[in-house]
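Have the sequence alongside as you go.

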Amino acid sequence: MTELSVRLTHTAERLRADRTPFVLATVVRAERPTSAKAGDRALVMPDGTLKGFVGGTCAESTVRAQALRLLESGESTLLRITPDPGAQEVEGMVSVTNPCLSGGTLEIFLEAVIPPVLVRVYGNGPVARALADVGAAVGFDMSVIEDAGAPIAADTAAVVVASHGRSEVEVLTAALRAGVPYIGLIASRRRGAAVLEGIEDGPRVHTPAGLDIGARTAPEIALSVAAEILSLRPRPAAPTIAGPSGPVSGRAIDPVCGMEVAVTEATARLEHAGRTWYFCGPGCVQVFADDPGRSSAETRRPLR
């Protein structure tokens with residue numbers, strides 16, 4: 001294993017421990033004369049920072065743009081980057097024509113590594129313990145907490161209050177203020193309504209928490225709550241980590257080659273005719289600077 005591979009492995013482990021989403025890009029096939037070779041890897045962060053090597057500047061630009069899209073969807077895919085506009089489409093593969101490549105085709109597997117759904121359960125009763133077991137079996141990142149004043153992590157997807165009357169209002173209010181996507185209260189319909197009375201934005205709280213499956217026992221109630229969380233698929237916004245590329249502010253079309261590029265502070269750009277133009281790399285910047293009129297109306301369109 002090369003020194004770069006070791007560094008990338010350690011970085012990936014740290015990102016997983018910090019619950020930071022990222023995309024692992026691995027070259028699986030490379031045609032000459034591309035500079036990348038099979039086995040080359042890179043990590044793409046939520047802010048667009050790319051660490052590692054999967055090809056030259058133009059290939060990196062394509063990988064970055066596709067990886068950021070995958071971080072939004074949570075999916076993985078096989079990406080083909082080719083200079084051949086007539087390349088045949090292949091089912092199950094995202095194919096991007098990049099006329100800036102020096103030649104050859106790259107096929108890169110993009111694996112979106114998304115942290116498991118973070119669920120916090122407040123309480124120490126049978127339902128809380130059962131929910132911890134059921135949630136873990138489903139694949140949630142579960143934590144049972146008794147301290148009502150414990151801070152709520154920024155990427156918490158669900159908070160379930162199962163404390164049977166202890167500090168319910170305090171925890172529910174904190175979860176609402178934190179903008180947690182799913183908030184549930186284990187209580188009867190009547191008691192739940194009484195608890196939520198007077199709580200600002202109280203209608204956002206699911207009570208009785210869980211799908212109506214006729215649950216009676218603690219494990220059955222836990223199953224219904226886990227099923228409701230799954231049915232809603234709550235997912236907080238991916239955090240943007242600090243990095244040299246700065247935050248991602250959108251996407252644009254390179255006016256020279258027509259490639260889609262992710263707009264970060266590191267994206268190649270040029271001011272012309274009262275606006276900012278973005279490019280896949282320095283080569284297209286120079287072409288545009290030499291002759292701004294050569295770009296077509298089709299490639300000038302903004303990308304939303």
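This is a predicted model: local features need pLDDT of at least 70, side-chain atom pairs count only at pLDDT 80 or more; totals for chains, interfaces and linings use all residues.

- Searching the whole structure turns up 2 aromatic pairs.
- Trp277 and Phe288 make a tilted pair, with 5.1 Å centre to centre and 40° between the planes.
- Trp277 belongs to strand 14 (residues 275-279) and Phe288 to helix 7 (residues 282-290), so this pair ties together parts 11 residues apart in sequence.
- Both partners are tucked away: Trp277 is buried at 4% relative accessible area, and Phe288 is buried at 1%.

**Helix 5**
- In helix 5 (residues 189-196), the buried residues are Gly192, Val195 and Leu196.
- Looking down the helix 5 axis, these buried residues fall within an arc of 90°, so they line one face of the helix.
- What do the buried residues of helix 5 pack against? They pack against helix 4 (168-177) and strand 10 (182-185).
- Just past the end of helix 5, Gly198 adopts a positive phi of about 90°.

**Met142**
- Met142 sits in strand 8 (residues 141-145) and is buried, at 18% relative accessible area against a cut-off of under 20%.
- Its C-alpha is 6.1 Å from that of Arg120, although Met142 and Arg120 are 22 residues apart along the chain.
- Beyond its neighbours within four places in sequence, Met142 touches Val119, Arg120, Val121, Leu131, Ala132, Gly135 and Ala136.

Technical notes
Residues are numbered from 1 along each chain as its sequence is written. Side-chain values use heavy atoms; hydrogens and water are left out. Buried means under 20% relative accessible area, exposed over 50%, partly exposed in between (1.4 Å probe, protein chains only). Helices (H or I, at least four residues) and strands (E, at least two) are DSSP runs, numbered from the N terminus. The arc is that of the directions from the helix axis to the C-beta atoms. Contact means heavy atoms within 4.5 Å. Rings of Phe, Tyr and Trp (its six-membered ring) pair if their centres lie within 6.5 Å; planes under 30 degrees apart count as stacked, over 60 as edge-to-face and the rest as tilted.
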